[in-house]
Amino acid sequence: MTPRPPGPDQPTTTSPPQSPNPNPSQSPTPSPSPSPTPSQSPRAGTTSGAGAGAGAGDGAGARARAWAELLRLPALFTVPGDALAGAATTGNRPNPRTLLAIASSLCLYEAGMALNDWADQAEDALERPHRPLPSGRIRPPAALVAAGALTAAGLALAARAGRPALAVAAPLAATVWAYDLALKRTPAGPAAMATARGLDLLLGATATGGGARPALPSALTLATHTLAVTTVSRGETRGGSPLAPLAALATTGTLAWTLTRTPQAPGTLAWTLTRTPQAPGTAPSRCPAAVPARHPAADTLRTVLAAAFVATSGRPLLHAALNPSPPLTQRAVGGGIRAMIPLQAALAARSGALASALLTAALAPAARRFARKVSVT
């Protein structure tokens, strides 16, 4: 991910070169001062980032882009995999309630994005004046209303998926609001963000019809990665120590190693023939044995996905560890966010859900393409 270019409040201007005066005895005639162009005016509603067209500040396209920046739309591609990975742990195929869980997750995620910028207005005015709120392209009350409406919609969708799903979505929404309004700059901030991601995966499991307990290992894996990325993100505007990227890099390697291990797939206990003392002439009894059912295709797929996870997250983290400057740290955070997609897909493959794993992995190219137009951080 490339660093965000200067915004409308950070114009880069150069003075036109002065032509030499051929007659030193004559004073040069002062030229009239040029009128400020719309792109130089501090009130201009120009957009930031690549692809911002001149004169589009007052159009519907500029407003749409401003909301896309506020809600960080490319990051939405990292959300459906939470519910799909959670559904995979139940041993059931995704069903309409899984789709409701995905829709609920999308709403709650975007509510957190809008609320995040509303809560960070003062900080963004100094460090990111090109963001939609400090640049004036979106009014702060509109962002707050959007956060509230999206939260209500997310809870309503979870309620449609059933009481177990709502029982997970309610603390998820509370965690999102607590993080943005109170916990973000405290030592508990990264843990709160990690908790939100873990709950999001549990939302998919409970909505699909399973319990939360079988999904806990996958939720813990996703939460651990989120904890590492959030810790690194604390230095994305000012830079910082290489310790956070190094710790995140070590976490990435550890998680990738655990993904390649062969766990027991849910609901696929292998049936084996056991010989026990029994009456003569009777057939041997069949009983379930605690032996994991092997899925060679799933094993191969999750190994490939684990490698993709390491490549997506590990390389920018290594660069940030070698030089923890703001641009490289932002790239590391962006890479960590995009790496959630192969991680979710690997978790689904580890549970034996090949279709969910492939569907989740297919979101990665779109996330990468849209991230070139709108920043995910």
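This is a guided tour of one predicted model, going from the whole chain to a pair of helices and then to a set of salt bridges.

**Before you start.** Residues are numbered from 1 along each chain as its sequence is written. Because the model is predicted, local features need pLDDT of at least 70 and side-chain atom pairs count only at pLDDT 80 or more, while totals for chains, interfaces and linings use all residues, and side-chain values use heavy atoms, with hydrogens and water left out.

**The whole chain.** Display the protein chain as a cartoon, where the secondary structure comes to 14 helices and two strands; helices (H or I, at least four residues) and strands (E, at least two) are DSSP runs, numbered from the N terminus. Of the 377 residues, 44% are buried, a word that here means under 20% relative accessible area, with exposed meaning over 50% and partly exposed in between (1.4 Å probe, protein chains only). Among contacts between residues at least 6 apart in sequence, 75% join residues at least 24 apart, where contact means heavy atoms within 4.5 Å.

**Helices H5 and H6.** Select residues 140-161 for H5 and residues 163-183 for H6, which pack at an angle of about 160 degrees with their axes 8 Å apart; the axes are lines fitted to C-alpha atoms, for helices over the stretch in contact, and the angles run from 0 to 180 degrees between N-to-C directions. That angle makes H5 roughly antiparallel to H6, a term used for angles over 145 degrees. To see where they touch, show the side of H5 that includes Ala147, Gly148, Thr151 and Leu155, and on H6 the residues that include Ala165, Leu166, Ala169 and Trp177. The residues of this contact divide into 11 nonpolar, two polar and no charged, with Ala, Val, Leu, Ile, Met, Phe, Trp, Tyr, Cys and Pro counted as nonpolar, Asp, Glu, Lys and Arg as charged, and the others, Gly among them, as polar.

**Aspartate 117 and its arginines.** The whole structure holds 10 salt bridges, each a side-chain nitrogen of Lys or Arg within 4 Å of a carboxyl oxygen of Asp or Glu. Select aspartate 117 and arginine 72, whose side chains meet in a salt bridge at 3.1 Å, N to O; this pair links helix H3 (residues 96-119) with the loop between helix H1 (60-71) and helix H2 (80-88), 45 residues apart. Arginine 131 sits in the loop between helix H4 (121-127) and H5, 14 residues from aspartate 117. Aspartate 117 is buried at a relative accessible area of 1%, arginine 72 is buried at 4%, and arginine 131 is buried as well.

**The loop between H1 and H2.** Stay on arginine 72, which has a positive phi of about 50 degrees although it is not a glycine. Most residues other than glycine have a negative phi. In this loop you will also find proline 74, which counts as buried at 5% relative accessibility; its C-alpha atom is separated by 9.3 Å from that of arginine 338, 264 residues apart along the chain.

**A last stop at arginine 185.** Select arginine 185 and aspartate 120, whose side chains meet in a salt bridge at 2.6 Å, N to O. Arginine 185 lies in the loop between H6 and helix H7 (189-208) and aspartate 120 in the loop between H3 and H4, so the pair ties together parts that are 65 residues apart in sequence.

Notes. Angles under 35 degrees count as roughly parallel, over 145 as roughly antiparallel, 65 to 115 as roughly perpendicular and the rest as oblique.
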